[in-house]
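Here are my notes for you on this one. Have a look at the structure first, then read the points with it open beside you.

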Amino acid sequence: MAGFDFDLFVIGAGSGGVRAARIAASYGAKVAIAEEYRIGGTCVIRGCVPKKLLVYASRFADEFEESAGYGWTLPGEPTFDWPTLIANKDREIARLEGIYKANLERSGVTIFKTRATLDDPHTIRLASPDRTVTAAHILIASGGTVNLDPALPGIEHAITSNEAFHLSHLPKSIVVCGGGYIAVEFASIFHGLGVETTLLYRGEKILRGFDEDMRDGLTKALTRHGIKVITGTVLSAIEKHPAGLHLTLKSGAVINTGQVMFAIGRSPNTAGLGLDKAGVHIGTKGQIAVNAFSQTNVAHIHAVGDVTDRINLTPIAIREGHAFADTVFGKKPTEVDHTTIPTAVFTTPEIGTVGLTEEVARASGMPIDIYKAAFRPMKSTLSGAQDRMIMKLVVDQMSRKVLGVHVLGPDAGEIIQMAAIALKLGATKADFDATVALHPSAAEELVTMREKWTPPA
Ligand code: FAD
C-alpha cells in the first residue's frame with residue numbers, strides 16, 4: 001500500500017501470527033513479522049508440543065508395570081534420565097522452529113527477530129536495532145504470559161511452565177499450584193516420571209468449567225495413582241532452606257519439597273505494547289477487545305489468539321489468524337465459529353471433551369437426558385490397572401441432538417476429535433445409536449449406550 005513500508009505488520013510469530021502472515025502473503029500482501037523470543041510461539045516452543053512429548057515420557061512407567069500381566073519380564077529395573085529427554089525434546093523443538101521460519105521465508109514474509117511495540121496507529125518500533133517501520137495494517141498476536149503471585153513471600157523460588165521445560169535435573173518432589181489443565185497436566189507428568197507430586201488448588205475442585213463427572217473421575221484417578229491433591233487452600237509463604245523449599249499453606253499445614261511450580265492461569269500479553277499510543281482499547285484483564293472479525297476499535301489494527309482472551313487454544317489462534325487474512329487481504333469476510341471446540345487434558349488418564357457439560361446444559365434451562373458408562377478398559381483386565389473409563393453424552397430431550405461428549409480414559413483426546421465431527425454435523429442420539437460399533441474398542445461405548453442415566457434417589 002502506497003506510503004507504508006508494509007501492507008501488514010504482525011507482532012508475534014506464534015500460532016496465530018504465523019498463520020496470518022503466511023496467508024496474507026499468499027494474497028500478495030507485503031508482510032513483516034516480529035518475534036522477540038523464538039519463532040513458533042508458545043505452542044511449539046513452550047506449550048502444547050513439548051508438553052505432549054513430556055506426557056509421552058511420563059506414561060512409560062505404567063506401561064512397564066502393566067506389561068507383566070501380559071507375560072513380559074523386563075531385564076532389570078527401568079531407569080529414567082531427564083537430561084536425555086530434555087535434550088531430545090529440545091532437538092525436536094529446534095527442528096520445528098526451523099520449519100516455521102522456513103515456511104515464513106518461503107512465503108516472502110520479512111522476519112524481524114526482535115521485540116516490536118506501537119509508536120502510533122501505523123508506526124511500529126523495533127527494539128534491536130532501534131528503528132521504526134510503518135504498516136497499513138497491524139495484527140497483534142502477542143499471545144499470553146504466565147501468572148505468578150507477586151505478593152507471595154518467596155515467590156522468586158517458584159518456577160512456571162516456562163522453566164519446567166528446562167530444569168537441569170528432576171526434583172525428588174514438587175508442589176504444583178493451580179487447578180487448570182496446565183497444572184494438572186504437569187502434576188501428572190512429574191508424577192509419571194517418578195517425582196513425589198502434590199497438586200495444590202485454592203478452589204474446591206480441580207478443572208473448573210469441565211463436566212463434574214470428569215472432574216471427580218480425574219481427581220479420583222490422580223489420587224489413586226499417588227498424586228496428593230490438596231484443595232481449598234493456597235500457599236502463604238515459600239522459604240528456601242539448604243535441603244529444599246519449605247512451603248507454608250494458608251491452612252497452616254507445611255510441606256517440604258524440592259520444587260514449587262505455579263500454573264495459576266495466563267494473562268493476555270499486552271503490557272508495554274504501546275496500545276495506548278495507537279488508541280487500541282483493552283478489557284479489564286488486559287485483553288485486546290475485538291469484534292467477530294478480530295478487528296479492534298482502530299479499524300486497521302486487528303488482534304488474534306490468546307492476546308484477545310477468547311478461547312486460548314492453538315487451533316483457535318490459527319483459525320483466527322487465517323480468518324483475519326481472508327477477511328482483510330482475501331476479500332472474503334470470515335468469522336471464526338467459537339462453538340463446539342474439542343479439547344483435551346493430557347493427564348494420565350486423559351480427558352477429552354466437546355460441547356456442553358451437563359451443568360451448563362442444565363443451567364440453560366433446557367431439558368436434557370444423560371447417558372453414562374463407567375467401565376474398566378479391556379487392557380486393564382490382564383494388566384491389573386485400576387482406572388475406570390468414564391463416558392458421557394449430554395442429549396437435548398426435545399431435538400435429541402447430542403450437545404456434549406465427555407470421555408475420561410486412555411486416548412480420550414483422540415476419541416473426542418472424531419466425536420467433534422458428529423457434533424458439528426448436528427448428530428442426534430439416534431445417529432449415534434445407528435452407528436455400528438467398532439469392536440473391541442473403548443470408543444464403541446459411545447454408540448452403545450441405550451439406557452438414560454437416572455440420578456440416585
Ligand atoms: P503465542 O503462541 O503465545 O505466540 C505469541 C508470540 O508473540 C510469542 O512467540 C512471543 O514471544 C511473541 N511476542 C509477544 N510480544 C511480542 C512483541 N512485543 N514483539 C515481538 N514478539 C512478541 N493449546 C492447545 O490447543 N493444546 C494444548 O495442549 C496446549 N497446551 C499448552 C501447554 C502450555 C504449558 C501452555 C503455556 C499453553 C498451551 N496451549 C495449548 C495454549 C497455546 O499454546 C496457545 O493458545 C497458543 O500458543 C496461542 O497462540 P498465539 O498465536 O495467540 O500466541
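Which residues in α3 and α7 meet?

1. From α3 come Lys51, Leu54, Val55 and Ser58, and they meet Tyr181, Glu185, Phe186, Ser188, Ile189 and Gly192 in α7. Contact here means heavy atoms within 4.5 Å. The residues of this contact split into five nonpolar, three polar and two charged. In that count, Ala, Val, Leu, Ile, Met, Phe, Trp, Tyr, Cys and Pro are nonpolar, Asp, Glu, Lys and Arg are charged, and the others, Gly among them, are polar.

2. Before going further, a word on where this comes from. It's a predicted model, where local features need pLDDT of at least 70 and side-chain atom pairs count only at pLDDT 80 or more, while totals for chains, interfaces and linings use all residues. Residues are numbered from 1 along each chain as its sequence is written, and side-chain values use heavy atoms, with hydrogens and water left out.

3. Back to the helices. α3 and α7 pack at an angle of about 40°, and their axes are 8 Å apart. (Axes are lines fitted to C-alpha atoms, for helices over the stretch in contact, and angles run from 0 to 180 degrees between N-to-C directions.) The crossing of α3 past α7 is left-handed: the near helix is turned anticlockwise from the far one by less than a right angle, whereas clockwise would be right-handed. The helices (H or I, at least four residues) and strands (E, at least two) are DSSP runs, numbered from the N terminus.

4. α3 has another partner, α5 (residues 82–106): their axes come within 10 Å and cross at roughly 145°. This crossing is right-handed. Here Val49, Pro50, Leu53, Leu54 and Ala57 of α3 meet Trp82, Leu85, Lys89, Glu92, Ile93 and Leu96 of α5. By class, that contact has nine nonpolar, no polar and two charged residues.

5. Now the ligand. It has 37 residues around it, the closest being Gly16, Glu35, Thr42, Lys51 and Asp306; a residue is near if one of its heavy atoms lies within 4 Å. Taken alone the ligand exposes 1000 Å², and the protein buries 95% of that (accessible areas by the Shrake-Rupley method with a 1.4 Å probe; for residues, only the protein chains shown count as cover).

6. What makes up that shell? Two or more residues each come from α1 (15–26), α2 (41–46), α3 (48–58), α7 (181–192) and α10 (314–328). α2 gives the most, with four residues. By class the shell has 14 nonpolar, 15 polar and eight charged residues.

7. Look at Thr314 in helix α10 too. Its side chain makes a polar contact of 3.4 Å with the side chain of Ser15. (That's a pair of N or O atoms within 3.5 Å; within protein, one must be able to donate a hydrogen and the other to accept it, and residues adjacent in sequence count only if both atoms are side-chain atoms.) Leaving aside residues up to four places away in sequence, Thr314 touches Ser15, Cys43 and Cys48.

8. Last, check the backbone. Most peptide bonds are trans, but a cis one joins Ser128 and Pro129, with omega about -5°. Another cis peptide bond joins Thr348 and Pro349, with omega about 0°.
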